[in-house]
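Here are my notes on the model, as numbered points. Please read them with the structure open.

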Amino acid sequence: MTQATRYATWFGRLFFAAALLFAVGIKVIDVALPYQQRLMLPELDDTYAYILTAVQFHDCLSEECPGISSLLEESTAVSKDSNGDNLARWDINSRLWLFHSPFWAATMNLLHALGVSWESGFHALEIVSATVVMTGIATVCLVFLPLEAAAGALFVMTLLRFAGHGLYWFVPGTMAFGVTCWYVAYVFRKGGGFGGRFVGGAA
């Protein structure tokens, strides 16, 4: 390895490390900043829906839930006569089931048992989710791109908010995306791509 190659390698590593710190730092600040400016959680309808499902997760594991059972029976019945009834059932379903994430709910319950408020627990998980997502994206960039290009791509992606696609607000689905990025990177590193991984496993 020549001296110039050594310098290029170290430069690439430092550039990528700086990009990774920048990406995680910016997203964590983006999550934390609203809590310094307001008392309530942002996106009230969604955030408190996740908190509600965490409370349901605890209560329905420790005791029967007749209220949810009756709502489940009502929300699964389809009316052929009234679109309004069907929309009402969709609203019930969206609040009861679409926001349900067992891992997120269990972690919030653990934090709550340790004395952390529901709101602070949700905020802590947002920060963890932001870290998981950005490190996951960084890992995928590192697998598919040269070191310097991966760092540049990470810098650019950090500055883009992707409004409407979740990279500005971190919830269970966004964390799942980050975990998926880690898994994709693992598959391509170990198996040379999805095809090789699956064919090898089948053999």
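1. Start with the pairing of H6 and H7. Met 134, Ile 137, Ala 138, Cys 141 and Leu 142 in H6 meet Leu 147, Ala 150, Ala 153, Leu 154, Met 157 and Thr 158 in H7. Contact means heavy atoms within 4.5 Å. By class, this contact has ten nonpolar residues, one polar and no charged. Ala, Val, Leu, Ile, Met, Phe, Trp, Tyr, Cys and Pro count as nonpolar; Asp, Glu, Lys and Arg count as charged; the others, Gly among them, count as polar.

2. Now the geometry of that pair. H6 and helix H7 (residues 147-159) pack at an angle of about 145 degrees, and their axes are 8 Å apart. Axes are lines fitted to C-alpha atoms, for helices over the stretch in contact; angles run from 0 to 180 degrees between N-to-C directions. The crossing of H6 and H7 is right-handed.

3. A word on the basis. This is a predicted model: local features need pLDDT of at least 70, side-chain atom pairs count only at pLDDT 80 or more, and totals for chains, interfaces and linings use all residues. Residues are numbered from 1 along each chain as its sequence is written, and side-chain values use heavy atoms, with hydrogens and water left out.

4. How confident is the predictor? The chain has a mean pLDDT of 76, and 68% of its residues reach 70 or more. pLDDT is the predictor's confidence in each residue, from 0 to 100. Among the elements, H6 has the highest mean (90) and helix H9 (residues 194-202) the lowest (36). Over residues 193-203 pLDDT stays under 50, and the model has ten contacts there beyond four places in sequence.

5. The overall make-up is helical: nine helices and zero strands. Helices (H or I, at least four residues) and strands (E, at least two) are DSSP runs, numbered from the N terminus. Buried residues make up 33% of the 203 in the chain. Buried means under 20% relative accessible area, exposed over 50%, and partly exposed in between (1.4 Å probe, protein chains only). Among contacts between residues at least 6 apart in sequence, 72% join residues at least 24 apart.

6. Look at Thr 135, in helix H6 (residues 118-144). Thr 135 counts as buried because its relative accessibility is 18%. Its side chain makes a polar contact with the side chain of Trp 182 (3.4 Å). A polar contact is a pair of N or O atoms within 3.5 Å; within protein, one must be able to donate a hydrogen and the other to accept it, and residues adjacent in sequence count only if both atoms are side-chain atoms. Beyond four places in sequence, Thr 135 is in contact with Leu 20, Val 24 and Trp 182.

7. Which residues does Ser 129 touch, not counting those up to four places away in sequence? They are Trp 104, Phe 170, Val 171, Thr 174 and Met 175. Ser 129 is found in helix H6 and is buried, at 0% relative accessibility.

8. Cys 181 lies in helix H8 (residues 172-191). Cys 181 is buried, with a relative accessible area of 8%. Outside four places in sequence, Cys 181 touches Gly 136, Ile 137 and Val 140.

9. Finally, Phe 155 in helix H7. At 23% relative accessibility, Phe 155 is partly exposed. Leaving aside neighbours within four places, Phe 155 is in contact with Phe 15, Ala 18, Ala 19 and Phe 22.

Note on methods
Left-handed = near helix turned anticlockwise from the far one by under 90°.
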